[in-house]
Amino acid sequence: MSILDTFKLNGKTAIVTGCGRGLGQGIAVALAEAGADIFGVDYLPEADETKSLVEKAGTRFSHFSANLLSIEPVEKLFAQAAEVFGHVDIVVNNAGIIKRNDSVDFTEAEWDDVMNINLKTVFFMCQAAARQFIKQGTGGKIINIASMLSYQGGIRVPSYTASKSGVKGITMLMANEWAKHNINTNAIAPGYMATDNTAPLRADEERSKEILGRIPASRWGTPSDLSGTVVFLASSASDYVNGFTIAVDGGWLAR
């Protein structure tokens with residue numbers, strides 16, 4: 001097998017949460033272009049644009065509508081993915097939210113909503129993935145989406161910072177426990193990406209200028225900037241990479 005062949009995902013099934021737009025859509029399309037069928041999970045009733053892009057890449061797409069603020073849908077979505085495609089090989093935990101407020105005014109609801117979807121649901125998605133992979137006896141790939149705020153404190157986003165710091169931590173913990181089952185658990189920490197989550201920052205001319213002034217690449221990232229890293233972590237090319245969070249940030253953390 002050539003080195004390029006190790007990046008191919010033909011015959012694999014990937015669950016991607018938050019698949020309907022932004023980073024999740026970009027991730028789903030990248031995995032499809034590498035050969036994987038996509039079981040897309042989103043709170044939207046349909047994800048027609050993502051479905052069209054995946055099918056254009058030459059693989060199959062199945063949509064599952066779920067509100068991941070609760071872990072209630074987790075067991076059902078894994079069962080349905082296995083029923084539709086016969087197996088699950090890759091899980092990308094991309095779905096997440098952010099709430100902005102001064103820490104002195106931050107509410108319990110703002111705390112709980114973000115922690116529930118960004119950390120609690122991520123853990124139980126990983127747990128379900130590990131159980132599925134162990135039952136199949138095939139190993140598998142878990143890719144969590146962390147953040148620059150897995151490394152830094154941020155401003156006015158206390159629950160987001162706590163949740164994304166937690167994602168980095170549990171990614172290491174799960175690698176320690178599951179690597180023996182040929183399960184690779186890793187994370188990607190996107191830098192400042194042009195998505196809905198950063199719309200308020202990009203709309204603030206002064207804040208946007210501050211951010212761009214610190215990014216050596218001198219631009220906001222795009223969903224396609226994650227493509228190579230997510231395919232690498234989903235493929236056999238990364239079989240000896242465990243518990244690591246890879247920054248895709250245009251050099252932000254190097255500054």
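Predicted model: local features only at pLDDT ≥ 70, side-chain atom pairs only at ≥ 80, totals over all residues.
**Entry 1**

I began with the strands. Strands of a sheet pair through backbone hydrogen bonds, either parallel or antiparallel. I looked up which sense applies here and found parallel pairing in an open sheet of 7 strands. Reading across, I noted the order β3-β2-β1-β4-β5-β6-β7.

Next I asked which strands stand at the edges. They are β3 (61-65) and β7 (245-248). Each has a single partner strand, so one side of each is left without a neighbour in the sheet.

**Entry 2**

I picked one pair to follow by residue. Strand β1 covers residues 13-17 and strand β4 covers residues 90-93; they pair in the parallel sense over 3 bridges. Within this pair, I found I15 opposite V91 of β4.

I then looked for what α5 touches on the sheet. This helix packs there against β5 (140-145), β6 (183-190) and β7. I wrote down the angle between the directions of α5 and β6 as about 160°.

**Entry 3: the largest pocket**

I turned to empty space. Rolling a probe the size of a water molecule over the atoms shows where such space is left. The largest pocket holds about 1,100 Å³. I counted 46 lining residues in the record of this pocket, and those closest to its centre are I98, Y160, T195, N197 and T198.

The most comes from α7, with 4 residues. By residue class, I noted 23 nonpolar, 14 polar and 9 charged residues in the lining of the largest pocket.

**Entry 4: the second largest pocket**

For the second largest pocket I noted a volume of about 240 Å³. I listed its lining as I71, V74, E75, F78, A79, F124, Q127, A128, R131 and Q132.

The largest share, 5 residues, comes from α4. The lining of the second largest pocket divides into 6 nonpolar, 2 polar and 2 charged residues.

How values were computed
Residues numbered from 1 in each chain as written. Heavy atoms only, no water. 1 Å grid on protein atoms, 1.4 Å probe; cavity = no way out; pocket = protein on both sides within 12 Å on 5 of 7 lines; lining within 4 Å. Points joined across faces, edges and corners; volume = space filled by probe spheres on them. Nonpolar A, V, L, I, M, F, W, Y, C, P; charged D, E, K, R; others polar. Pairing = 2+ DSSP bridges. Contact = heavy atoms within 4.5 Å. Axes fitted to C-alpha atoms, helices over the stretch in contact; angles between N-to-C directions.
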